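Reader: I have a structure to go through and I'm new to this. Can we take it piece by piece?
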Amino acid sequence: TVAASVAASFENARLFAAEQEARRTADTLREVARALSSSFEPREVLQTILRELQHVIPYDTASVMLLEGQRLRCAALRGFEETAAPGGLVFHLNERSGAGLAVARRSPVLIADTDESPDWASLGSDNHVRSWLGVPLIAKGEVLGVLNIDSRQPHHFTARDMQVAEAFASQAAVALENARLYAESVGRMEQELEIAHRIQSNLFPRALPGVPGLLLAAKCLPARETGGDFYDCMVLGDPQDTLPDAYVEVPGVASGRAQPEGPLLAIMVGDASGKSISGAMLMAVARSIARSEARDHVAPPVVMRETNRWVAHDVPRGTFVALSYATLDPRTRRLAVSGAGQLAPLLRRADGSLAYLQPPGPTLPLGIVPDVLYAALELELAPGDTLVFYTDGVVEAHDASGRMFGFERLEALLTVHGALPPAALIERVLLEVGRFTGDAPHHDDMTLVVVRVE
């Protein structure tokens, strides 16, 4: 009777210990699942698998071999000395190996003593392995590889270790598959962004036109691989339109509305809403429409009106394009500027004085309302005058503390350095913006176009 009571107590204690052990294993596996799901970087996931494995099964060394066609390649190691690490280890599936057997069976394989097993292939560098447990990594019915768990002691692993390793490998395989799919997705996205970048780069002028009496320079710096900023400079043929009456003269500047007698230089600087691919697509649409309308019409308000009509028709609701469009007659130095939500260009006179060329009338960005009667500002330039077109990425660039570069700093730059050649002036502005922002990331594209009257 006493023996039966003692036996019952021992059995209850054993069951309680087994239950506690199972509970600890389940808790550990939950923590392992959380750790494995914390990264999508394949190499980091592999190292996490080997690190977290030691929390559920004590081992001396471990490795992950990934299946590549008809061979298994060692992809991650833990516990090996650097000189003895089989980093370049490869098993062909038709060769004798425990890992190959795990792949063929699609189930765990336990070799209690490698010295006595016909399934163990000795490689010389693995003499320390006396007990081995291999578990296939299977996700969505596909074998991804094998998790190798090694011990220097024979008969080290138990049937329970095999069950735990199988549960662990199931979670590890899902994490590894997610990391692989994520890496493939990122790779495809990077390829698509590179293609989009090349396409968008081809949309910018390969070379600015040579116009007697004018010096031109332009530069666009996307904040990402692609962006929404764009610019264009082109020489239009003999005009067919008459200039509208909706022109305003700068006070103190003589004006006249004579029809231009020859080719005109057309300048456009725009900023499409959205970033990256969406901004680049909208930018491509707006630029193509504006170029087409610029070749059909002369007056900037007409170009803006027709461009806006098509953009409003073609782009999704909630998107828009800010655009500044100007024409300059190199013979008469007559400038006409229209704006649609874009920052007013800056005019630096030869004497160093500055003026913002803000067109009158409605200046709604393109694409918001289909019918907008844009107007234009007209004035006459003089030798030594400099026109600076820019997007908001220049003045809204901010430093680590959140301060913006601002209009005042841009004005001060143009006052001091405005006599530089156009290309040098652009580089100077971008240099000063870079110095101001420091290590703070650029969240918006920056575009500058400078025209100097000789």
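Reader: Is Y356 buried, exposed or partly exposed, and why?
Author: Y356 counts as partly exposed, because its relative accessibility is 35%. Buried means under 20% relative accessible area, exposed means over 50%, and partly exposed is in between (1.4 Å probe, protein chains only). This is a predicted model, where local features need pLDDT of at least 70, side-chain atom pairs count only at pLDDT 80 or more, and totals for chains, interfaces and linings use all residues. Residues are numbered from 1 along each chain as its sequence is written, and side-chain values use heavy atoms, with hydrogens and water left out.

Reader: OK. How many aromatic pairs are there?
Author: The count comes to three aromatic pairs. The rule is that rings of Phe, Tyr and Trp (its six-membered ring) pair if their centres lie within 6.5 Å; planes under 30 degrees apart count as stacked, over 60 as edge-to-face and the rest as tilted. One of the pairs is W120 with W132, which is tilted because the planes are at 55 degrees, with the ring centres 5.7 Å apart.

Reader: Where do W120 and W132 sit in the chain?
Author: W120 is in the loop between strand 4 (109-111) and strand 5 (131-139), and W132 is in strand 5, twelve residues apart. Helices (H or I, at least four residues) and strands (E, at least two) are DSSP runs, numbered from the N terminus. Both W120 and W132 are buried.

Reader: And what sort of pair do Y356 and F407 make?
Author: Y356 and F407 make an edge-to-face pair, 6.1 Å from centre to centre with 75 degrees between the planes. Y356 lies in strand 14 and F407 in helix 8 (residues 406-417), so the pair ties together parts that are 51 residues apart in sequence. F407 counts as partly exposed because its relative accessibility is 32%.

Reader: How many bridges join strand 7 to strand 17?
Author: Eight bridges join strand 7 to strand 17 (residues 446-453), and the two run antiparallel. Within that pairing, C220 has T447 in strand 17 as its bridge partner.

Reader: What about strand 1 and strand 2, how do they pair?
Author: Strand 1 (residues 61-68) and strand 2 (residues 71-78) pair in the antiparallel sense over seven bridges. V64 has A76 in strand 2 as its bridge partner. The two strands form a hairpin with two residues between them, and G69 in the turn has a positive phi of about 70 degrees.

Reader: Which strand does strand 2 also pair with over three bridges?
Author: Strand 2 pairs with strand 3 (residues 90-92), in the antiparallel sense. There R73 stands opposite V90 in strand 3.

Reader: Back to phi. Which residue other than glycine has a positive phi near 55 degrees?
Author: K140 has a phi near 55 degrees, and K140 lies in the loop between strand 5 and strand 6 (142-151). K140 is exposed, with a relative accessible area of 72%. H155 is not a glycine either and has a positive phi of about 55 degrees. H155 lies in the loop between strand 6 and helix 4 (159-203), and counts as exposed at 56% relative accessibility.

Key: Pairing = 2+ DSSP bridges.
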